[in-house]
Amino acid sequence: MSGKANIVLHNVSIVEGGFVDTIDFSPAATNFLQNGRYTAAPEGTYAYKEFWDEETRRCREGYEINGIRVTGPHYFYLNYCQIKATINDAGMQRKILTFPSFLDMDYYFYQEVEIARAAGQGLIVAKARRKGFSYKNGALAVWNYNFLRDSTSIIGAFLAEYSNSTMAMSLEMSNFLNKHTAWKKRRNPDRRDFIKARFQEVLDGNTVWSGYNSEIFTLTFKDNFSAAIGKSADFFLFEEAGKWPNLIDSYMVTAPCFRDGDVMIGMPIIFGTGGDMQGGSNDFAEMFYNPEKYWLRAYNNIWDDGADGTPAGLFIDDMWYKPGEVVLEDGTTTKMVDKDGNSNREATEYYLDRERDIIRNSDSRRTWEKYITQSPKTPREAFLRVSGNLFPTVELNSWLGVLETDNKAKNLAFIGDLYWEEGTDKVKWTPNADRKPINRFPLKDNEDSEGCVVIWEHPYKDHSDRIPFGLYIAGTDPYDQDTSGTTSLGSTIIYKTFQDFDGTYNLPVAEYTGRPDTADGYYENVRKLLTYYNAQTLYENNLSGLKTYFQQKKSLGLLKEQPGIIKNIVANSKTHRGYGIHMSEPIKRQAEIYVRDWLLEKRSDGVDGEEKLNLHAIYSIPLLKELIAYTKDGNFDRVIAFMLCMLHSQENYNIRADAVSDSAQSKFNFFRNDRSYFKKRTRNTSFR
């Protein structure tokens, strides 16, 4: 018997060939299915005791045949844990309660659990849907309960429904053991959310608790992220991590349950499922891509494009176990999982790619995106959020992978400083390799938030060495306070509009995102950036600091006046604040639509017939990450700045359309240097 996977998991021995005769790993289950019992030996006899002693040894130490060993928990799962599985019954496919089949996916998973436990590490796992891991995790809880005296297993989740589901599987398994094995244990309490292996008896006239004293219980963290304080755990399962908004807080507060100083006294396992990533996806992704920071086992990220050599948690893609058959390109039919549990990963990937194409061309975008997240081939696909996100996350994620793979964004970026040329009102640029742009999203409280200017294209200048006014516009999401209790940053994006005298158009060309020591320092950097591109910025005006600073510097001309499109978005709006825009809910919704439409708009500069969208003109990796993770709540500073660019662009388009309709000229140059349609721009333009 041998086995081989298409990916090599850290420290697991991979042997050549393919698993054969895997039914031999389930001798006890096979006997039970044939005879309705595990042993014919009468209870109390030597043969009965000998049988159960050997089964206990196998469940604790593992079981080996022809040089291939399954771990103890894996043997226990195969032989003593019944699950709902699909069988062929009289030509019909139906689910019944039966023993699990051997799968190569399970073999490697249980190997990793054993290795991590021996190394004093936890596991974090992102996976595709419908791989049966709730049963596998429930079995781990019951294994601890059944074979580790005085042990505690905790099944935690943000919402009770997720922990209760796994707990129900554990209870079913425990009930099966009590009914059919020598490991039966009386329980008190015996509830759906808490069982403990103990009973009361009278000794010398005193009532005392006796028994194995192991326990399994559930915890819900929705209203209390510190729900586990004061407890200890040999096994702590964090279920549905992608739906856990306060996952990191819960995990760090919970750590003393399974960690004593630098010693791991228990084992945490964190699980999340593709297609179910919601409010906790950012925390889950942070932990998944930085596992060692959280005492979790790290693997080489061979899954995401361009990530080889960087750490990640354990990823279970959708090529590992996919029941059924597929007709290949040559017309032959093959099973995606054979009778011995070997996954045909190449055939399954062909099936997945074909399904993606069919769904993409025949169904809605959201259906297609949901399919990809539920059947992911990479962790990035699993972490996509399609619920509550209007943006095309699949295409954004794919483009992000391209940029990170070939370092295109890094190679095109100019990092440096802007400064006032002495004695003039001009701003100059100088490279500065010591500056560090903020590329991580989300940014953590203890990370450097100063940020710097990043440029992908310096401003165009005409034959008179001038930057045509209106060629560049900007959006700014500012902040006021010098200090903040959040990781909110100020962000300004420079956007190049359409014109006919340069080679590029309709794309972000520069970004300044950061939070320097003082708010005035931030405002001054924004002022220099706008001056460098001769651009006005539309900013979110719920905070007054930016306007006040620009007014003091006689630079109000750099701020876009309140756009008239407000009246088109908010009926009967009477809001007038002079400059900027207040991102009310209706305006924000409309801005999201503008951004979505812009991202998906086809560009005319595609190469070799390849479809190229506007989103492929974005070289800001953190902006792409924010767009992928975006929800209406949370800090998405770059996305807000980009929304303001879109609102700004739409306003200018409306102004141009009005000007054209009112003009006798058949050709109106929107970017004419005399600024005749932007006279208000000339007020307060003394920058020094």
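This is a predicted model: local features need pLDDT of at least 70, side-chain atom pairs count only at pLDDT 80 or more; totals for chains, interfaces and linings use all residues.
Student: Why is the contact between Arg58 and Glu55 called a salt bridge?

Tutor: A nitrogen of the Arg58 side chain and an oxygen of the Glu55 side chain are 3.2 Å apart. The cut-off is within 4 Å for a side-chain nitrogen of Lys or Arg and a carboxyl oxygen of Asp or Glu, so the pair counts as a salt bridge. The structure holds 37 salt bridges.

Student: Where do Arg58 and Glu55 lie relative to each other?

Tutor: They are three residues apart in helix α2 (residues 46-61), and therefore separated by about one helical turn. Both Arg58 and Glu55 are buried. They also belong to a network of salt bridges that links Glu54, Glu55, Arg57, Arg58 and Glu61.

Student: What makes Lys131 and Asp318 a salt bridge?

Tutor: Their side chains meet at 2.6 Å, N to O, and the limit is within 4 Å. Lys131 lies in the loop between β5 (123-127) and α5 (133-147), and Asp318 in the loop between β18 (314-316) and β19 (325-327), so this pair ties together parts that are 187 residues apart in sequence. Both Lys131 and Asp318 are buried.

Student: Lys377 and Glu349 also meet in a salt bridge. How do you know which of the two is buried and which is partly exposed?

Tutor: The relative accessible area decides. Lys377 has 16%, and buried means under 20%, so Lys377 is buried. Glu349 has 31%, which falls between the 20% and 50% limits, so Glu349 is partly exposed. The N to O distance in this pair is 3.1 Å. Lys377 lies in the loop between α10 (365-374) and α11 (379-382) and Glu349 in helix α9 (residues 345-362), so the bridge ties together parts that are 28 residues apart in sequence.

Student: What makes the pair of Phe99 and Phe176 edge-to-face?

Tutor: A search of the whole structure finds 61 aromatic pairs. Phe99 and Phe176 form one that is edge-to-face, with 5.9 Å centre to centre and 80 degrees between the planes. Centres must lie within 6.5 Å for a pair, and planes over 60 degrees apart count as edge-to-face. Phe99 lies in the loop between β4 (92-98) and α4 (104-118) and Phe176 in helix α6 (residues 160-180), so the pair ties together parts that are 77 residues apart in sequence. Phe99 counts as buried at 7% relative accessibility, and Phe176 counts as buried at 10%.

Student: Why is the pair of Phe221 and Phe236 called tilted?

Tutor: The ring centres are 6.5 Å apart and the planes stand at 55 degrees, so the pair is tilted. Stacked would need planes under 30 degrees apart, and edge-to-face over 60. Phe221 lies in the loop between β11 (215-220) and β12 (235-238) and Phe236 in strand β12, so the pair ties together parts that are 15 residues apart in sequence. Both Phe221 and Phe236 are buried.

Student: How do you know that a charge sits over the ring of Tyr212?

Tutor: The charged end of Lys185 is 4.7 Å from the centre of that ring. The distance limit is within 6 Å, and the charge must also be within 35 degrees of the ring normal. Arg345 lies over the face of Trp320, likewise at 4.7 Å from the ring centre.

Student: Why does Cys81 form no disulfide?

Tutor: A disulfide needs sulfur atoms within 2.5 Å. The structure holds zero disulfides. Cys81 is buried, with a relative accessible area of 0%.

Student: What makes the backbone at Asn66 and Asn534 worth a remark?

Tutor: Most residues other than glycine have a negative phi. Asn66 has a positive phi of about 50 degrees, and phi of Asn534 is near 50 degrees. Asn66 is found in the loop between β1 (63-65) and β2 (68-70) and counts as exposed at 65% relative accessibility. Asn534 is in the loop between α14 (519-532) and β27 (536-539) and counts as buried at 11%.

Student: Which peptide bond is cis, and what is its omega?

Tutor: The bond joining Asn188 and Pro189 is cis, with omega about 5 degrees. Pro189 is in strand β7 (residues 187-190).

Methods: Residues are numbered from 1 along each chain as its sequence is written. Side-chain values use heavy atoms; hydrogens and water are left out. Helices (H or I, at least four residues) and strands (E, at least two) are DSSP runs, numbered from the N terminus. Buried means under 20% relative accessible area, exposed over 50%, partly exposed in between (1.4 Å probe, protein chains only). Rings of Phe, Tyr and Trp (its six-membered ring) pair if their centres lie within 6.5 Å; planes under 30 degrees apart count as stacked, over 60 as edge-to-face and the rest as tilted.
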